[in-house]
Amino acid sequence: LMHLRLSAITSTLAVPLLAIGCRCPSQHCMPCIPAVPCCCEEAVAPSAPPDLAGMVPLCADGPCQLHPLPVPSETFCLIEPGEVQCSAAANANLANLVRLERHWATVIIECDSRYVGRNTCLRRDLLSLHESDLRSEAAVAALESFYQLAALEAREFYLNRAIEENQASLDRIDQLDNAGLPPEIDRGEIAVALSDLKDKRLQLQFARLQLNGQLQQLLNCPSCEFRFYWPHVDWNPNLDPIDVDAQVALGLSNRTDMRALSLVLCRVEKSTIRIARGVLNIADEAVGSVEPTEGWIHKLRCICCNDHELDVRCQQLRSLYSSSELLATAEVKNATYKIALQQQRVQLAKQAVDDREQDLSELLAKRDVEEISIFEINRARGRLYEAQTMLIDQVASLKIARVQLRHTQGLLASDCGWGATLCCEGPCDGACVRCAGK
């Protein structure tokens, strides 16, 4: 009787709906696709380029005012490398979102069935690894900005000294010219060199703004272009040789991608095959994309075939693990040899500084005897400042290379206590291992 009543109600509601139909007025017309015809006016190209030198005014003479770039005052905000690394790792926004997702997975594990729990537990471990990887990405970005900013601040000292030397040379030339004495060097050459140095200083000031802004964002600090950091760096370069094999072994045992593949390969079962599909799909959209059709009729028709998917997924996972291991080994080796490269470049830069210092000392010693001109001495000082700037860059690049090695090994997040702790990591006794054993 109840079934008859429901059928009558359904039929009663269906008749008016069919009569009224779907109210979709937009289905009767397609939207107009905008299109602009291609057209251009025939013209003759100008015979000469624009006279920009005549168009651009010299603002130093008063006709215009330029907005200055923000520059630091006498005080800075002091930051340490360890503090920057761990603060950026903790404040990584995407990692914190993944952490909340992992918490929700824990809630499901606690309240749902054992079957759901097995799937969700494996998924939760993969979320833990992804969270650690995101925190490592934030840490390496912050440390790279940290050392780049430290090198920039150190370079500015020598850049300002070089500007002072060229300005002194220019003033000396003007004094000689006013006294009616011919200068020993072309004034235009010094003026152009001085202009180039001032342009480098402007670029340095803008790069400082960018690096400070990046650090403010990574350290979860308020954005303010008038707040500047001062990186506290131990500038002593570590020139100890690197054991490549030891670094590779350390990286393979800690990288999150290798741990994730190893985890799925060791723990996947027929009940958790959805997780295997998802992991394979990250490698390529086509891999892991084919699933059995839902519905009991399809399951009955393929009841003898569906178990074969586990064999296919295991083979795919083993192949992906092998190729990923080769790629990870290459990446760690590359990062290790980059350190060896930078160590040698530091040595070359140090030798260049010593050579420039010796050249300047010899000129100063011979100044009174051989009448060495002040312009030649100023040029020697400029070459020395350039060599010292190069040494700063090479030492900073060496420190960044060591940071990148730790990142490639998957250790930056672990250094700050954000390493992934897995509940499913342990005995390797999943279906793929049992199948391989047979």
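The model worked on here is predicted.

**Exercise 1.** State in which helix Ser-169 lies, decide whether this residue is buried or exposed, and identify which residues it touches.

*Solution.* Begin with the placement: Ser-169 belongs to helix α5, which spans residues 114–178. Next, take the relative accessible area of Ser-169, which is 4%; because buried means under 20%, Ser-169 counts as buried. Then list the neighbours, leaving aside residues up to four places away in sequence, and Ser-169 is found to touch Ile-190, Phe-375 and Asn-378. Finally, examine Asn-378, whose side chain is joined to that of Ser-169 by a polar contact of 2.6 Å.

**Exercise 2.** Describe how helices α7 and α11 cross, and classify the residues of their contact.

*Solution.* First, consider the axes of α7 (residues 244–254) and α11 (residues 308–370), which come within 9 Å and cross at roughly 135°. This angle makes α7 oblique to α11, and the crossing is right-handed. Then collect the contributing residues: Val-244, Gln-247, Val-248, Gly-251 and Leu-252 come from α7, while α11 supplies Glu-325, Ala-328, Thr-329, Val-332, Lys-333, Thr-336 and Tyr-337.

**Exercise 3.** Give the helix and strand counts of the protein and the share of its residues that is buried.

*Solution.* Counting the elements gives 14 helices and 2 strands. Turning to burial, 34% of the 438 residues in the protein are buried.

Key:
Residues numbered from 1 in each chain as written. Predicted model: local features only at pLDDT ≥ 70, side-chain atom pairs only at ≥ 80, totals over all residues. Heavy atoms only, no water. Axes fitted to C-alpha atoms, helices over the stretch in contact; angles between N-to-C directions. Helix = DSSP H or I, 4+ residues; strand = E, 2+ residues; numbered from the N terminus. Parallel < 35°, antiparallel > 145°, perpendicular 65-115°, else oblique. Left-handed = near helix turned anticlockwise from the far one by under 90°. Contact = heavy atoms within 4.5 Å. Nonpolar A, V, L, I, M, F, W, Y, C, P; charged D, E, K, R; others polar. Buried < 20%, exposed > 50% of the residue type's maximum accessible area, 1.4 Å probe, protein only. Polar contact = N/O pair within 3.5 Å; in protein donor to acceptor, adjacent residues only side chain to side chain.
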